[in-house]
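Dear colleague,

Here is the structure I promised to hand over to you. Please look through it first, and then read the notes that follow.

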Amino acid sequence: MVNEGTQSFGELSAIAFRVAPRSAVIGTQTAGANGHIGYLFLPRGIRFNYTMAGAFYPNWGMNQRVGVRIDIPVKQTVQDVVVGDDKWIMEAVDYIESAE
């Protein structure tokens, strides 16, 4: 399960888990912010951070600035939260039970 707050190691982990049989990425678009971080030190003590190495899928598809491909998108509304429905878990359970 991933969302817009998933970055760096979380994104790479989601990509790595795809090699498992019947695995699926559930959630919303990730940040696409992964790879090694570099620093450029500017005058007046300013430190500029940037991503300096690309992050790719095993087939060399781009992940950086794009995010992890979502297999099962989740659309959770405010009303779902108010009534206590966890759409993320419900989608995951539905996917697992569909394997039977």
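Thr30 is buried, because its relative accessible area is 5%, where buried means under 20%, exposed over 50% and partly exposed in between, with a 1.4 Å probe and protein chains only as cover. Before going further, please keep in mind that this is a predicted model, in which local features need pLDDT of at least 70 and side-chain atom pairs count only at pLDDT 80 or more, while totals for chains, interfaces and linings use all residues. Residues are numbered from 1 along each chain as its sequence is written, and side-chain values use heavy atoms, with hydrogens and water left out.

Thr30 is found in the loop between β1 (26-27) and β2, strands being DSSP runs of E with at least two residues, numbered from the N terminus. The side chain of Thr30 reaches the backbone nitrogen of Val68 at 2.8 Å.

Leu42, which lies in strand β2, counts as partly exposed because its relative accessibility is 36%.

Finally, Arg22 lies over the face of Tyr95, at 4.4 Å from the ring centre, a placement that requires CZ of Arg to be within 6 Å of the ring centre and within 35 degrees of the ring normal.

Best wishes

Note on methods
Helices (H or I, at least four residues) and strands (E, at least two) are DSSP runs, numbered from the N terminus. A polar contact is a pair of N or O atoms within 3.5 Å; within protein, one must be able to donate a hydrogen and the other to accept it, and residues adjacent in sequence count only if both atoms are side-chain atoms.
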